[in-house]
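Please keep the sequence and the model in view while reading.

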Amino acid sequence: MKTTTKLRQLLKSDSLIVAPFILNAFHAKIAESVGLNAVYMTGSGTSAERGFPDVGLLTMTEMVSNAKYIAGAVDIPVICDADTGYGNPLNVQRTIREYEAAGVAGVHIEDQLFPKKCGFFAGKQVIPLEEAVQKIKAALDARVDPDFVIIARCDAYAVTGWEDTIERCNAYMEAGADLVFVDGIKSQEDIANYARDMADLPRMYNGDLANTKQMDDLGYKIMICGSTIWLIYKQLKDAFTELMEEGAVNPERFGTRWDVAGLMGLDAVYELEQKYGVSEVPVV
């Protein structure tokens with residue numbers, strides 16, 4: 001089954017879709033191995049892996065390249081950050097076609113001015129509502145697979161206020177978006193208001209202010225969880241500090257190369273080598 005269809009089926013269910021932030025195919029495979037049914041390719045994480053803050057410095061090509069590796073590594077749906085669509089509605093159309101060809105299950109397009117900033121950073125600006133609606137319509141017209149999910153992200157809350165955010169989200173859904181995604185939610189009150197004031201809209205949430213059960217009870221459809229990025233930062237920094245100060249990293253901190261190799265499919269490689277006569281005996 002196509003991952004786009006899998007995502008559609010998940011959206012039709014009564015359960016919350018939990019999609020942790022992942023930076024690359026390796027992280028996606030780990031998420032799949034523990035039973036998570038979707039992952040989210042983060043723009044901030046993809047930027048960080050290339051040495052940049054999340055302020056719109058990466059190109060569409062760089063983002064799609066990462067998405068292609070991730071989608072090719074797992075059988076679960078991959079939801080991707082597609083930023084502003086990298087330009088006007090015509091750019092949005094190419095963006096949708098490229099992401100869809102990469103094998104991902106869906107993307108979100110935001111209403112920020114290009115180049116964008118992380119939804120939690122200062123200095124965001126949003127484009128006019130009418131222009132944002134046209135970008136959503138262009139995205140819908142561009143998709144080939146009708147199951148490919150188009151999520152309308154709204155960044156207006158911190159810029160023009162909550163009432164404008166509500167108006168925009170309703171307009172994006174009227175334009176045909178599959179879900180809305182209000183970014184920049186910073187409190188439990190925000191979460192409650194989001195659920196109350198957009199109760200009739202399928203909603204996506206980004207954050208770690210509530211657990212998955214709470215978000216499920218509030219009727220959210222997708223929860224993307226960014227704590228994985230901050231966990232990676234803290235764990236690596238602590239391990240590198242320990243190496244610097246103690247001369248070695250405590251083995252209890254990490255798994256083994258065989259754990260990773262097994263997850264990456266080493267046994268299948270050995271089987272293929274034997275099948276095609278590449279190698280008679282695996283070299284360990």
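Within helix 8, the buried residues are Trp162, Asp164, Thr165, Ile166, Arg168, Cys169, Ala171, Tyr172, Met173 and Ala175. Buried here stands for under 20% relative accessible area, exposed for over 50%, and partly exposed for what lies in between, with a 1.4 Å probe and protein chains only. Helices (H or I, at least four residues) and strands (E, at least two) are DSSP runs numbered from the N terminus. Helix 8 is mostly covered, since 10 of its 14 residues are buried. The elements covering these buried residues include helix 6, strand 5, helix 7 (157-160), strand 6 (179-182) and helix 9 (188-197).

The 14 residues of helix 8 (residues 162-175) should span 20 Å at 1.5 Å a residue, and the end C-alpha atoms are 20 Å apart, which agrees. The expected span is 1.5 Å times one less than the number of residues. After helix 8 comes glycine 176, with a positive phi near 120°.

## Basis of the model

The model is predicted: local features need pLDDT of at least 70 and side-chain atom pairs count only at pLDDT 80 or more, while totals for chains, interfaces and linings use all residues. Residues are numbered from 1 along each chain as its sequence is written, and side-chain values use heavy atoms, with hydrogens and water left out.

## Backbone features in the loops

Most residues other than glycine have a negative phi, and most peptide bonds are trans. Aspartate 83 is buried, at a relative accessible area of 7%. Tyrosine 86 also lies in the loop between strand 3 and helix 5; its phi is positive, near 65°. With 11% relative accessibility, tyrosine 86 counts as buried.

A cis peptide bond, with omega near 0°, leads from phenylalanine 114 to proline 115. Proline 115 is placed in the loop between strand 4 (106-110) and helix 6.

## Aspartate 145

Aspartate 145 belongs to the loop between helix 6 (129-142) and strand 5 (149-154). Because its relative accessibility is 12%, aspartate 145 counts as buried. Apart from neighbours within four places in sequence, aspartate 145 is in contact (heavy atoms within 4.5 Å) with Lys2, Thr4 and Glu100.

The side chains of aspartate 145 and threonine 4 make a polar contact at 2.7 Å. Such a contact is a pair of N or O atoms within 3.5 Å; within protein, one must be able to donate a hydrogen and the other to accept it, and residues adjacent in sequence count only if both atoms are side-chain atoms.
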